[in-house]
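Colleague: I have a model here and would like to know what the words used to describe it rest on. Please show it to me, and we can go through them.

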Amino acid sequence: MTNQRARIAECSFSIQGEGITAGVPAIFIRLQGCSVGCTWCDTKYSWDTSGGREVTLDGLVDEASAFPCRRVVITGGEPLESSLFPTPVEALKAQGFTIEVETSGTLTPTVEVDQWNVSVKLSESGVSQTKRINPEAIEEFLRLGAWWKFVVLGRSDVLEVLQLAERFTLPRERILLMPEGVHREDVLERSLWVVDECKRYGYRYSPRLHILLWGARREV
Ligand code: SF4
């Protein structure tokens with residue numbers, strides 16, 4: 001291992017709140033820094049590359065290893081933008097961790113992990129198409145067997161998901177629709193029509209368990 005340094009927003013132990021492994025206990029390593037800029041982002045504190053706290057790679061692996069869990073979710077921010085990524089992946093793999101990575105899919109992956117959760121942004125994110133759609137990265141994530149988690153605010157977003165799925169031949173059974181919302185009531189209300197859309201198109205529904213259980217609190 002090395003004493004490579006980077007900034008993280010947090011390292012905490014909880015359950016995965018979203019996606020295909022929702023409900024599974026996991027350690028969350030939130031790397032600092034994101035330049036994507038989604039208008040509805042619920043982790044804006046992680047955007048600033050000088051925010052959070054500095055860690056060494058060794059210190060971070062020690063921190064994660066102290067929790068009674070051997071599953072890590074590396075998230076952000078946009079983790080693939082971090083100066084620390086992908087170094088922790090190899091270091092954590094060597095310690096026997098199973099690794100998931102949450103990404104916007106805007107950068108091409110250069111490492112293999114156990115599970116890629118790719119949340120390609122839709123136009124309602126307010127991010128320009130050239131920033132949020134990187135065909136080369138999407139093709140590579142496809143090759144790596146990623147899961148595709150789309151945040152939806154309204155039914156028109158689902159039509160955009162259909163277009164992206166057709167354009168990039170995303171496997172239907174690996175597509176998840178997740179309602180946007182940082183309040184329990186909003187997530188529950190949107191979940192009703194999101195489930196209808198999942199039934200209509202054969203997609204999976206993703207909950208936001210951390211919002212349903214704890215609201216918009218950090219490190220829970
Ligand atoms: Fe927030 Fe993720 Fe969008 Fe970055 S990519 S702005 S962290 S939702």
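Colleague: What covers the buried residues of helix 4?

Modeller: The cover includes strand 5 (98–103), strand 6 (115–118), strand 7 (147–152) and helix 5, where contact means heavy atoms within 4.5 Å. This is a predicted model, in which local features need pLDDT of at least 70, side-chain atom pairs count only at pLDDT 80 or more, and totals for chains, interfaces and linings use all residues. Residues are numbered from 1 along each chain as its sequence is written, and side-chain values use heavy atoms, with hydrogens and water left out.

Colleague: Which are the buried residues of helix 4, and what puts them on the same side?

Modeller: In helix 4 (residues 135–143), Ala-137, Ile-138 and Phe-141 are buried, meaning under 20% relative accessible area, with exposed over 50% and partly exposed in between (1.4 Å probe, protein chains only). Their arc around the axis, taken from the directions from the helix axis to the C-beta atoms, is only 100 degrees, so they lie on the same side of helix 4. The face turned away from that buried side carries the exposed residues Glu-136 and Arg-143.

Colleague: Why does Glu-90 count as partly exposed?

Modeller: Glu-90 lies in helix 2. Its relative accessibility is 45%, so Glu-90 counts as partly exposed.

Colleague: Why are helix 5 and helix 6 called roughly parallel?

Modeller: Helix 5 (residues 155–168) and helix 6 (residues 184–201) pack at an angle of about 30 degrees, with axes 11 Å apart. Angles under 35 degrees count as roughly parallel, over 145 as roughly antiparallel, 65 to 115 as roughly perpendicular and the rest as oblique. Helix 5 and helix 6 are therefore roughly parallel to each other.

Colleague: What classes of residue make up the contact of helix 5 with helix 6?

Modeller: Arg-155, Val-158, Leu-159 and Leu-162 in helix 5 meet Trp-193, Asp-196, Glu-197, Arg-200 and Tyr-201 in helix 6. By class there are 5 nonpolar, no polar and 4 charged residues; Ala, Val, Leu, Ile, Met, Phe, Trp, Tyr, Cys and Pro count as nonpolar, Asp, Glu, Lys and Arg as charged, and the others, Gly among them, as polar.

Key. Axes are lines fitted to C-alpha atoms, for helices over the stretch in contact, and angles run from 0 to 180 degrees between N-to-C directions. Helices (H or I, at least four residues) and strands (E, at least two) are DSSP runs, numbered from the N terminus.
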